[in-house]
Amino acid sequence: MIAAQHNMRGTPLPDAPVLKTARLLLRPPQLSDFDAFAGFYASPRSAMIGGPLDRKDAYSGFSSTAGQWFLKGYGFWEVIDRESGVNIGRAGIYHPDFWPEPELGWIIYGDSHEGRGIAMEAATAARDGAARHFGITAPISSIEATNSRSIALAERMGARRDGEWETPYGPMLRFRHPQVSA
Amino acid sequence: MTADLTTARLTLRMPDARDHASYSAFFADAEASRFYGGPLLPYQAWERLAADIGHFMLKGFGRFVIEKDGQVIGGCGILDVDGWPGHELTWWLLPAARGQGIAQEASRAVLAWAGTELGWPRVETHFRDENTAARRLTESLGGTKQRRETFPDGIDRDIYAMPTTEKVSA
């Protein structure tokens, strides 16, 4: 994609929309978001989504998903708590070249954000934003069978079980989100 | 955006979606990619390409691809991977492009760019002891050994620094 914005060194930033909800701001990744990401991937909470990772491997994952904005034109937004300004997770579209179709994904980094509906708010905003801005209207979500919290959220969002598939990272359940109007 | 760098024979530009085949070919070659974490499957090569693009986006510098006669033959640039000790001048070349002084020519362009565009007086690099090609190239670029460190993977590596502003004779 052609980038419209540039950082201080003249390298392009993705031409990515910023999304707002009642409590959250969703914006494209920047370097200052990496510590929150690496902290999550150093913790046992990351075990069901590819972790734990050391800082170097976390940087590879973070920079790779940032680069997807340029390769595909869409990607993960960083989820910022509007009141505190703290990065509390990420939500958006994961679609590397080897993935069969766009996937809606979300991560909430800390326990302290559980039980407040934050993950639902972030994932729904990302799903709506992907439909409106990128025409991705019925994404899948691939979830490990043991990740009961994410399965419950996918179901609350109206996603339906749509079989299983063998990803490069191992077997996953596939959920299909309902058609969202663009 | 980051401007292309040009030399007598080469153009260095930011990697993009066109470069998946070149990355896959290089990283599928176990011998050629042995100092670069290879061999990699095509999906892992795509992740590497995406990470190289993301590095430019996050840090304002990164690893360019090298074009010669309109074909991508390798890459050269500066990576600064968090969790790894310091930044490094790095290069990779498809086997057919080796032995022609291309890594040196590309490295000189990157060093000059680091001096003028990034304002860095010197650029560091590091390599395994058995990577004699990297050591020779680094020394040909005016590099001198600064220190030796044990890296997070448990391997000891020499760390060299190269000047960006001085003219270095081959």
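Predicted model: local features only at pLDDT ≥ 70, side-chain atom pairs only at ≥ 80, totals over all residues.
At roughly what angle do the axes of helix 1 and helix 2 of chain A cross? Select residues 34-41 of chain A for helix 1 and residues 55-72 of chain A for helix 2. The axes cross at roughly 125° and come within 9 Å.

Helix 1 of chain A passes helix 2 of chain A in a right-handed crossing. Now show side chains. From helix 1 of chain A, pick A:Phe34, A:Asp35, A:Phe37, A:Ala38 and A:Tyr41. They meet A:Arg55, A:Ala58, A:Tyr59, A:Gly61 and A:Phe62 in helix 2 of chain A. By class, this contact has seven nonpolar, one polar and two charged residues.

Next, go to chain B. Select residues 20-28 for helix 1 of chain B and residues 42-59 for helix 2 of chain B. Their axes come within 9 Å and cross at roughly 120°. That makes helix 1 of chain B oblique to helix 2 of chain B. The crossing is right-handed.

Which residues of helix 1 of chain B meet helix 2 of chain B? Pick B:His20, B:Tyr23, B:Ser24 and B:Phe27. Their partners in helix 2 of chain B include B:Pro42, B:Trp46, B:Arg48 and B:Asp52. The contact has six nonpolar, two polar and two charged residues.

Last stop: the cores. The largest nonpolar core has 74 residues. Select B:Leu12, B:Ile66, B:Ile78, B:Leu89 and B:Val110, which have the most contacts inside it.

Technical notes:
Residues numbered from 1 in each chain as written. Chains lettered and ligands numbered in written order. Heavy atoms only, no water. Axes fitted to C-alpha atoms, helices over the stretch in contact; angles between N-to-C directions. Helix = DSSP H or I, 4+ residues; strand = E, 2+ residues; numbered from the N terminus. Parallel < 35°, antiparallel > 145°, perpendicular 65-115°, else oblique. Left-handed = near helix turned anticlockwise from the far one by under 90°. Contact = heavy atoms within 4.5 Å. Nonpolar A, V, L, I, M, F, W, Y, C, P; charged D, E, K, R; others polar. Core = buried A, V, L, I, M, F, W, Y, C linked by side-chain atoms within 4.5 Å. Buried < 20%, exposed > 50% of the residue type's maximum accessible area, 1.4 Å probe, protein only.
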